[in-house]
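Here is a short briefing on one protein model. Start with the overall build, then turn to two residues.

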Amino acid sequence: MSLPPIELQRGDCPEIEAFLAQRIYEFNAQATGYFDGESYAAVQRDEVGAIIAGISGYTWGGVCFVSYLWVAQAYRGQGWGGALMLAAEQNAREKGCALALLSSHSFQSPGFYAHMGYEAQVSVRDHPVGHSDIFFVKRLARPG
C-alpha cells in the first residue's frame, strides 16, 4: 500500500496552523488534565491608532509562553517592551502560572530578557545558521 501524495503549502497557512494547534491542544489537555489553555495579546497604539508595540502568547498548565514581543524601531528604549512583558507576567500570575518561557535569537534581545529576570536555559546554535536561538525561563511568584 502506498500513501497518496502529500500536499505541501508554502507561505502563510493560518487555517492549517489553527487546525493543527487545536488538535495538539486537545491531545495535550487529555494527556495532562490541563484544560486551561488561553491565548493572550496586548498592544500599544500611537495617536493615529497604528500598533507601535505588542506581545502575544498563551498560558496553559501553570506556564506562560511569550510567542511574540515587538516594538517599532522608533519606540525602542522607551519602556514599551518592559511594560508589555510586565503585563503578560501579571496576566500569568492571575491565571496561577508559576513559570514564564520564551525564546530569543542571539541577534534579537537576549540582554533585555536577562534584564527582565529571565535566565537562559538552552541555546541552539545555528538557528538560523551563524546565530543561536536561546530559551529563557523566569519563575513567577504565585498570587497569594
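Helices here are DSSP runs of at least four residues, and strands are DSSP runs of at least two. On that basis, the protein has three helices and six strands. The model is predicted.

**Overall build**
- The elements follow the order α-β-β-β-α-β-α-β-β from the N terminus.
- The C-alpha trace spans about 60 × 40 × 35 Å along its principal axes.
- The protein has 144 residues, and 28% of them are buried.
- Among contacts with a separation of 6 or more, 49% join residues 24 or more positions apart.

**Surface and charge**
- The accessible surface is about 10,000 Å², with 57% of it belonging to carbon and sulfur atoms.
- There are 10 positive and 14 negative charges, and their mean positions are 7 Å apart.

**Trp-60**
- Trp-60 sits in strand E2, which covers residues 51–60.
- Its relative accessible area is 22%, so Trp-60 counts as partly exposed.
- Beyond its neighbours within four places in sequence, Trp-60 contacts residues including Tyr-25, Asn-28, Ala-29 and Tyr-34.
- A polar side-chain atom of Trp-60 lies 2.9 Å from the backbone oxygen of Tyr-34.
- Glu-7 is 53 residues away along the chain, and its C-alpha atom is 31 Å from that of Trp-60.

**Asp-46**
- Asp-46 belongs to the loop between strand E1 (38–45) and E2.
- Asp-46 is buried but has no salt bridge.
- Arg-45 is the nearest side chain of opposite charge, at 7.5 Å.
- A polar side-chain atom of Asp-46 lies 3.0 Å from the backbone nitrogen of Val-48.
- Leaving aside neighbours within four places in sequence, Asp-46 touches Ile-52 and Tyr-75.

Terms used: Residues are numbered from 1 along each chain as its sequence is written. This is a predicted model: local features need pLDDT of at least 70, side-chain atom pairs count only at pLDDT 80 or more; totals for chains, interfaces and linings use all residues. Side-chain values use heavy atoms; hydrogens and water are left out. Buried means under 20% relative accessible area, exposed over 50%, partly exposed in between (1.4 Å probe, protein chains only). Contact means heavy atoms within 4.5 Å. A polar contact is a pair of N or O atoms within 3.5 Å; within protein, one must be able to donate a hydrogen and the other to accept it, and residues adjacent in sequence count only if both atoms are side-chain atoms. Lys and Arg count as positive and Asp and Glu as negative; His and the chain ends are not counted. A salt bridge is a side-chain nitrogen of Lys or Arg within 4 Å of a carboxyl oxygen of Asp or Glu. Accessible areas come from the Shrake-Rupley method with a 1.4 Å probe; for residues, only the protein chains shown count as cover. The place of a charge is taken as NZ of Lys, CZ of Arg, CG of Asp or CD of Glu.
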